[in-house]
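My entries follow the model shown here.

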Amino acid sequence: MPVADAAGTEGYRRLVHAEQQGLRLGIACRTAVVGLLLLWNSLAPVWSDASPPRLISVLGLMVFTFAGIAHLRVIGTRFDRWWLKYAVYGMDILAICAMFAVLPISRSDPVPQIVAFRAYGIYVLFPLVVLAALSLSWRLVLFCGVVAVIGWWFAFETVVAGMAHTLSWGDIPSNATRADYETIFLSIDFIGRGNRIEETVMLFAAAGILALAVYRARRVFFAQVAADLAREEEQHAKARIHELLGRYVPEEIANRLVADPAPLAPQVRNGAALILDIAGFTEFAEDRTPQQVITELDRFLSDASEIISVNRGVVITYLGDGLLATFNTPVSSDTPEQDAVASGHALIALGEASAFSVRVGIATGDIASGNVGSTKRQSFTVYGTAVNVAARLESKAKELGVAILIDAATQAALPDAQKLGSCGRATLRGLASAIDVYGR
């Protein structure tokens with residue numbers, strides 16, 4: 001699946017979860033507030049001189065409290081529906097607007113209901129719009145703003161329509177005196193239509209800005225999800241490439257290619273080359289099925305590669321029933337000769353434990369390494385005199401009856417405790433003159 005599609009699918013899944021969590025928080029806060037109001041209205045007469053609460057108020061608060069609890073129970077379940085949050089928030093907003101229109105200001109005297117708009121104001125609706133933002137739904141925020149404006153104006157006009165006489169800013173003369181303001185502005189019939197316009201414009205503007213902020217937050221959220229998925233896909237791709245490359249090229253080379261896909265630059269270093277071969281492998285294979293041969297050879301070569309890796313060497317290639325490894329190229333080593341000889345001894349011990357007769361040849365000298373091949377397919381390899389001499393020494397070990405044979409350059413770099421016994425001078429194919437060789 002393309003990253004963009006995956007980001008959309010995964011981003012939507014994560015966003016739905018975040019929306020549900022935010023919606024739970026918003027509804028929980030709203031329900032807690034309504035529940036506290038219910039508790040206050042019910043118990044206030046007990047510890048104060050407050051009048052008993054109106055039955056309609058208590059019943060209304062109970063309905064809204066249980067509606068919030070019910071909504072909390074269904075969020076994220078199979079009973080949840082997209083429109084439920086709109087219904088709950090819309091019900092809350094319209095209920096508050098209705099309170100301004102029908103809930104009497106005073107029980108003892110008929111005070112015009114318009115006083116409620118002047119005494120309390122539209123700010124009581126702002127918390128609901130803000131709570132809607134917790135759901136991370138810009139549509140819900142905008143919906144709450146629209147419903148609040150419509151509900152507020154409907155309640156206001158309903159109250160104004162029931163008034164026998166009204167005053168507003170338009171009734172104040174252009175050359176108004178203080179007395180004019182006191183007469184009109186402080187009149188119980190003053191409706192302040194201009195104030196209602198300012199209030200609703202500010203509320204709608206705030207809801208629009210908040211909806212835009214939520215919308216941008218969602219965009220950032222999706223971008224972050226896409227970046228996370230792209231990073232995960234890149235890491236998985238590198239892991240797959242590393243796993244595949246590791247089967248065919250040295251692990252160190254695979255690591256470098258994954259980190260930097262550019263071709264490895266050719267280099268020449270003084271290092272040690274090790275050639276390993278299993279003696280009598282043909283006879284070993286004759287008595288076994290191909291599957292058995294491959295299984296046992298794979299196990300042996302896997303363990304052999306681990307030994308070489310532990311000694312800071314790199315297996316360059318497998319040679320049928322053997323392998324070629326180098327030390328100090330491409331992986332650096334301060335003591336390539338010692339590492340190579342230590343590996344040789346460990347490989348011989350491994351061969352004995354695996355019922356294989358192993359021969360090892362080691363030579364020291366300049367070793368060139370790098371990529372060879374076409375622009376479409378390349379192979380990492382090493383070459384040089386040391387590699388050729390190591391191969392000849394492995395063959396010569398059979399003639400001399402030793403398991404490990406090294407050249408003079410390797411012997412000279414070994415500490416006394418690691419030096420091998422002299423096997424005299426040996427003539428190797430491809431070399432003009434005989435060389436000193438050492439082994440055991």
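The contact, counted as heavy atoms within 4.5 Å, is made by Val129, Ala132 and Ala133 of α5 and by Leu140, Val141, Cys144 and Gly145 of α6. By class I noted 6 nonpolar residues, 1 polar and no charged ones, with Ala, Val, Leu, Ile, Met, Phe, Trp, Tyr, Cys and Pro taken as nonpolar, Asp, Glu, Lys and Arg as charged, and the others, Gly among them, as polar.

For the geometry, the axes of α5 (residues 126-133) and α6 (residues 138-161) come within 8 Å and cross at roughly 165°; the axes are lines fitted to C-alpha atoms over the stretch in contact, and the angles run from 0 to 180 degrees between N-to-C directions. The two helices are therefore roughly antiparallel to each other, a label for angles over 145 degrees. Helices here are DSSP runs of H or I with at least four residues, strands are E runs of at least two, and both are numbered from the N terminus.

I noted that this is a predicted model, in which local features need pLDDT of at least 70 and side-chain atom pairs count only at pLDDT 80 or more, while totals for chains, interfaces and linings use all residues. Residues are numbered from 1 along each chain as its sequence is written, and side-chain values use heavy atoms, with hydrogens and water left out.

Next I searched the whole structure for salt bridges (a side-chain nitrogen of Lys or Arg within 4 Å of a carboxyl oxygen of Asp or Glu) and found 12. Arg193 pairs with Glu157, their closest N and O atoms being 2.5 Å apart, and this links distant parts of the chain, since Arg193 is in helix α8 (residues 193-248) and Glu157 in helix α6, 36 residues apart. Arg193 is partly exposed at 30% relative accessibility, as is Glu157 at 32% (buried means under 20% relative accessible area, exposed over 50%, partly exposed in between, with a 1.4 Å probe and protein chains only).

I then looked up Arg425 and Asp436, whose side chains meet in a salt bridge at 3.1 Å, N to O. Arg425 lies in strand β7 (residues 421-426) and Asp436 in strand β8 (residues 435-439), so the pair ties together parts 11 residues apart in sequence.

Terms used:
Angles under 35 degrees count as roughly parallel, over 145 as roughly antiparallel, 65 to 115 as roughly perpendicular and the rest as oblique.
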